[in-house]
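Thanks for coming. I have one structure to go through today, and I will keep to a few places in it. Please have a look at it before I start.

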Amino acid sequence: MDTIERGDAFDPNCPTRLVLDRIGDRWTVLVVIALRDGPRRFTELRRTAGGVTPKVLTQTLRAMERDGLVTREVFAEVPPRVEYTLTPLGMSLQTPIRAIIDWAEANVGKVMAAREASHLA
């Protein structure tokens with residue numbers, strides 16, 4: 001399998017766009033931040049993310065696992081315990097995602113005011 005050293009997001013055929021889709025997903029963003037302090041169980045992630053359905057969180061975690069961002073560990077207990085952990089690749093997303101979240105939280109008022117103003121126009 002060929003390894004792409006560096007992609008080109010402006011090339012419509014470049015798989016970089018698939019990566020952008022994954023990291024641009026709101027649930028992926030929240031899962032990365034929720035896992036910053038270490039492993040968490042599914043219910044903890046769901047509670048922390050707030051508002052995500054079990055089905056959507058399952059789909060998000062499976063996609064993140066497939067893309068090498070999280071690992072899933074099943075413990076042989078009754079009932080079985082499953083924990084999710086960021087991989088080194090997933091951990092490398094924390095800084096850019098934290099910056100985007102900080103920007104969103106700092107500017108939410110301006111964005112909402114702009115939406116309201118454009119709605120009134």
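A definition first: a polar contact here is a pair of N or O atoms within 3.5 Å, and within protein one atom must be able to donate a hydrogen and the other to accept it. Keep in mind that this is a predicted model.

With that cut-off, look at the start of helix H2. Asp-25 caps the N-terminal end of H2, with a side-chain oxygen 3.1 Å from the backbone nitrogen of Trp-27.

Is H2 itself enclosed or open? Seven of its nine residues are buried, so H2 is largely enclosed by the rest of the structure. Among the buried ones are Trp-27, Val-29, Val-32 and Ile-33.

The largest nonpolar core has 21 residues, and Leu-35, Leu-45 and Ile-97 have the most contacts inside it. At least two residues each come from helices H2, H3, H4 and H6 and from strand E3. H2 gives the largest share, six residues. As for Ile-97, beyond its neighbours within four places in sequence, it touches Val-29, Val-32 and Ile-33.

Next, the surface. Trp-103, Val-108, Val-111 and Met-112 make a nonpolar patch of about 390 Å². Met-112 is in helix H6. Its relative accessibility is 45%, so Met-112 counts as partly exposed.

Last, the backbone. Most peptide bonds are trans. Between Val-78 and Pro-79 the peptide bond is cis, with omega about -5°. Pro-79 sits in the loop between strands E2 and E3.

Technical notes: Residues numbered from 1 in each chain as written. Predicted model: local features only at pLDDT ≥ 70, side-chain atom pairs only at ≥ 80, totals over all residues. Heavy atoms only, no water. Core = buried A, V, L, I, M, F, W, Y, C linked by side-chain atoms within 4.5 Å. Buried < 20%, exposed > 50% of the residue type's maximum accessible area, 1.4 Å probe, protein only. Helix = DSSP H or I, 4+ residues; strand = E, 2+ residues; numbered from the N terminus. Contact = heavy atoms within 4.5 Å. Patch = residues over 30% accessible without salt bridge, like charges linked within 9 Å, V, L, I, M, F, W, Y side chains within 5 Å. Areas by Shrake-Rupley, 256 points an atom, 1.4 Å probe, with all protein chains shown as cover. Salt bridge = Lys/Arg side-chain N within 4 Å of Asp/Glu carboxyl O.
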